[in-house]
Amino acid sequence: MTSDEVRERFLSFFEGKGHKIIPSSSLIPRGDPSLLLTTAGMVQIKPYFLGLEEPPSPRLVSCQKCFRTTDVDSVGDTSHLTFFEMLGNFSVGDYFKKEAIEWAWEFVTEDLKLSRERLWATVYLDDDEAFAHWQRVGIPAEKILRFGDEDNFWGPAGNSGPCGPCSELHYDLGGEFGCGRPECRPNCECGRFSEVWNLVFTQYDQHPDGSRAPLPKPNIDTGMGMERITAAVQGRQSVYETDLFWPVIEGVSQLAGKTYGASKTNDRYMRIIAEHSRGVAFLIADGVLPSNEGRGYVLRRILRRASLFGRRLGLDMPFLGQIAQIAANKMADVYPELVTNQNMIMEVIRAEEDKFIATLETGLDLVEGLVAKALKDGKEQLAGEQVFRLYDTYGFPRELTAEIAKERGLTVDVEGFETEMEEQRAKARAGHKFAATPTTETALAVDVEFTGHEASSSQSRVLELRVMGKPKETASREEKVDIILDVTPFYGEMGGQAGDSGEMTGDRGKVAITDTVRNYSDVTIHQGTVVEGNISVGDAVVARIDVARRLDIARNHTATHLLQAALREILGSHVYQRGSSVQPSRLRFDFSHLTTITEGQLDGIQGWVNEKIREDLPVSARSVPYQDAIAEGAIALFEEKYGGTVRVLEIGEPPISKELCGGTHVKSTGEIGILLITGESSIGTGLHRLEAVTGRTAEWLIAQRFSTLQMAAKELECLPEDVSNKAKSLATQLGLEHKRSLFLERELSQGITESLASQTKKIDGVTVVTAEVASLTMSVLREMGDKLRDRLGSAVVVLATVYDGKPSFLATVTPDLVARGFHAGRIVEQVAKAAGGGGGGKAGMAQAGGKDARKIKQALGLVQDIIADEARQAQ
């Protein structure tokens with residue numbers, strides 16, 4: 001039975017039991033900040049278990065992509081994986097232990113035809129109910145074992161969420177694969193027993209502080225490792241010998257010219273490459289890009305680990321793309337994103353592997369050198385500072401250094417490394433300090449009704465008022481205040497969109513609102529200054545936004561949605577927003593894309609957006625359940641946390657853009673007016689930034705640039721449309737004139753050189769030439785110095801000139817005098833200092849600049865004493 005058949009049979013089996021098949025979610029968890037990556041099939045079920053969202057069915061089944069980082073260093077043995085598939089069936093308050101156990105037994109024994117005699121079960125210490133159900137389906141009591149929290153209580157995915165006791169189904173691979181001890185049984189570390197299915201009886205919700213509360217209804221969360229169950233079905237001890245991995249192993253074997261099974265060491269290297277290449281492909285396909293933080297660091301770490309061990313197999317050239325392609329081809333029918341993002345996957349791997357290889361040789365030599373020195377000095381550990389320098393300078397992940405050191409019996413100072421890392425982070429934070437008002441940390445946690453999507457003003461009441469961060473009942477004229485209202489049209493800064501400004505007017509005073517922010521409890525804080533009378537807690541006020549400013553912001557915000565649609569249309573569907581800033585006067589949009597963006601592509605992006613603006617497409621919003629929005633294809637931000645119900649913003653009918661967004665927007669694209677891209681740059685590996693303006697700012701920019709063009713045309717005495725050609729013509733002429741000028745300078749310098757060669761003088765036996773020459777560029781002055789030095793054979797030459805009103809100095813010393821200790825750098829530094837400047841250079845030639853051209857004669861007059869001093873030191 002193939003792995004594809006195992007996957008299909010599992011889904012079909014539970015579909016036949018009334019379960020709804022749900023597709024795998026991304027490896028990047030959406031709306032769950034407690035998780036770095038999707039680690040279990042339950043991750044996307046979590047909101048249903050917590051009662052936050054309504055499930056599409058109380059019975060669900062999936063084959064979920066998962067990635068766990070806890071076993072990275074163990075990958076290379078015959079069982080551990082980072083990326084894996086998890087087959088899971090779930091009950092959201094429907095069936096419980098009886099059905100879960102009966103169906104698990106039915107599937108493995110009847111559909112997969114696993115031997116009943118080879119199956120064992122484990123249950124939680126006091127779970128007599130599960131024990132009885134396993135006995136009832138046919139497992140003898142002596143093959144049902146009880147374990148405690150470590151083995152049979154399933155914690156949450158992350159530090160909070162659903163959890164409960166569990167029961168595991170283990171498959172006996174046979175005594176020949178075990179330790180041989182009579183007491184060998186499930187959970188023995190010898191590897192004889194393979195845990196193939198875990199049935200979690202989810203009864204509790206664990207809070208971040210570790211406390212647990214009963215769930216409204218008990219649930220079932222099961223997870224069966226696709227790779228492990230396939231190994232059992234196909235009669236393989238190792239997951240790497242199944243059809244899921246074997247084509248990849250063969251690919252590595254052929255590329256390296258090594259036979260799998262001939263060497264335990266090489267086998268380990270091949271497994272590392274095969275496993276990590278597969279994981280790399282899936283991470284990139286789901287939008288992860290290499291970086292030094294978070295999930296991007298996970299990708300970089302496993303990619304570089306695979307590259308390192310490929311080198312151990314003799315693969316010195318980039319190879320990971322070829323292996324990742326084999327892994328992707330094997331899984332592409334099940335996970336089409338591997339095909340959709342194929343080019344992106346290959347480009348990211350190529351760029352990252354090339355980057356690592358460029359420093360790998362030096363890095364490896366340094367690691368080996370540090371290890372050798374530590375062993376020679378009798379040390380058992382590499383210093384954290386050394387490990388950090390390898391990471392910071394050569395891109396060597398700490399874990400790779402630790403792995404190399406471990407092979408030689410050494411450890412690394414992890415604490416010291418983290419100290420160095422924290423110092424670097426502290427320096428980075430110091431460069432990006434910002435001040436948070438006391439209000440944002442201490443304001444009341446209240447529900448504030450936001451009316452700003454429909455209205456520009458509201459009748460409101462002051463709930464809380466603070467001055468300098470301290471609560472006050474009343475604020476008077478000129479006092480700076482933070483205000484919380486019960487109802488507000490003001491949008492608090494969020495999701496990259498700037499907060500509103502405006503005013504609040506009451507019977508006894510007025511407040512000018514300069515900014516609106518949100519605190520950590522998502523309460524809207526209005527920041528401003530009392531400009532008339534006073535304002536008090538409980539006052540009724542009219543809150544009114546600055547409509548013109550709001551419209552400027554709305555134009556830019558809707559434009560960012562159009563930009564993302566244009567980028568995905570022109571560059572590809574791999575493009576996703578990675579950050580944005582929406583201000584009244586400009587917008588910034590950061591997005592994922594690996595290769596250089598051409599001028600033609602930029603023109604196409606701008607043109608596409610402006611075409612949609614001219615079409616005056618309708619912009620509409622609606623509230624829908626989060627899962628429904630994602631199923632419809634709405635784009636969500638990876639890092640954003642969403643509730644059960646979300647706001648979907650659509651542009652056009654049918655929509656050309658569909659994103660989750662709570663910000664403020666125009667009612668139709670025509671209101672944007674025009675978009676001008678003002679800048680494009682790369683801000684990191686696979687990350688680009690676009691800057692643009694719209695509306696009034698774009699109109700101002702066009703007028704400014706047109707005015708500049710008109711002035712240029714007037715100065716060049718041509719039509720505006722001819723400015724470019726006229727400028728090119730002038731540039732060509734200037735280039736010719738520059739060459740002519742340089743030729744004349746050299747001709748002049750030739751005559752000066754001849755004259756100076758006969759004007760030498762002796763200082764303590766040393767031939768010296770000093771002179772102020774006609775205005776020459778530094779390059780011609782250097783040529784003159786070289787000629788004089790060569791002509792004289794043994795001499796010190798010090799020249800000065802004034803170019804563009806600034807004095808410049810040059811000193812040259814012939815090799816024989818350099819050998820005696822004379823140094824051009826020292827000489828010219830002292831000369832230039834007299835003219836208010838400085839400089840230096842090598843012993844044979846050095847140059848310097850001054851500030852006061854009137855002091856050149858005085859400066860050159862010092863040469864005699866300087867040379868005499870150099871001569872005494874040289875003796």
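Me: Buried means under 20% relative accessible area, exposed over 50%, and partly exposed in between (1.4 Å probe, protein chains only). Which residues of H10 are buried?

Reply: Leu320, Gly321, Ile323, Ala324, Gln325, Ala327, Ala328 and Met331. H10 covers residues 320-331; helices (H or I, at least four residues) and strands (E, at least two) are DSSP runs numbered from the N terminus. This is a predicted model, where local features need pLDDT of at least 70 and side-chain atom pairs count only at pLDDT 80 or more, while totals for chains, interfaces and linings use all residues. Residues are numbered from 1 along each chain as its sequence is written, and side-chain values use heavy atoms, with hydrogens and water left out.

Me: What span does H10 reach?

Reply: From first C-alpha to last, the 12 residues of H10 reach 17 Å, close to the 16 Å expected at 1.5 Å a residue. The expected span is 1.5 Å times one less than the number of residues.

Me: And H21, how far apart are its end C-alpha atoms?

Reply: They are 47 Å apart. The 34 residues of H21 (residues 723-756) should span 50 Å, so the two values agree.

Me: What do the buried residues of H21 pack against?

Reply: Helix H20 (695-716), strand E30 (766-772), helix H22 (778-792) and strand E31 (796-803). Contact here means heavy atoms within 4.5 Å. The buried residues themselves are Val723, Leu742, Glu745, Ser749, Ile752, Thr753 and Leu756.

Me: Changing topic. At what angle do H9 and H14 pack?

Reply: About 35°, with the axes of H9 (residues 294-312) and H14 (residues 398-407) 9 Å apart. Axes are lines fitted to C-alpha atoms, for helices over the stretch in contact, and angles run from 0 to 180 degrees between N-to-C directions.

Me: Which residues make the contact?

Reply: H9 gives Tyr297, Arg301, Arg304, Arg305, Leu308, Phe309 and Arg312, and H14 gives Arg398, Glu399, Leu400, Glu403, Ile404 and Glu407. They divide into five nonpolar, no polar and eight charged. Ala, Val, Leu, Ile, Met, Phe, Trp, Tyr, Cys and Pro count as nonpolar, Asp, Glu, Lys and Arg as charged, and the others, Gly among them, as polar.

Me: Isoleucine 404: buried or exposed?

Reply: Isoleucine 404 is buried, at a relative accessible area of 2%. Beyond its neighbours within four places in sequence, isoleucine 404 is in contact with Leu308, Arg312, Leu364, Val367, Glu368 and Phe396. Valine 367 is 37 residues from isoleucine 404 along the chain, and their C-alpha atoms are separated by 7.8 Å.

Me: Threonine 560, then. What does its side chain reach?

Reply: The backbone oxygen of histidine 557, at 2.6 Å. Threonine 560 lies in helix H17 (residues 547-570) and is buried at 4%. Not counting residues up to four places away in sequence, threonine 560 touches Val582, Leu587 and Phe589.

Me: What is phi for asparagine 187 and for aspartate 616?

Reply: Near 80° for asparagine 187 and near 50° for aspartate 616. Asparagine 187 is in the loop between strand E7 (161-172) and strand E8 (193-206), and aspartate 616 is in the loop between helix H18 (599-614) and strand E24 (619-625). Asparagine 187 is partly exposed at 31%, and aspartate 616 is partly exposed at 41%.

How values were computed:
A polar contact is a pair of N or O atoms within 3.5 Å; within protein, one must be able to donate a hydrogen and the other to accept it, and residues adjacent in sequence count only if both atoms are side-chain atoms.
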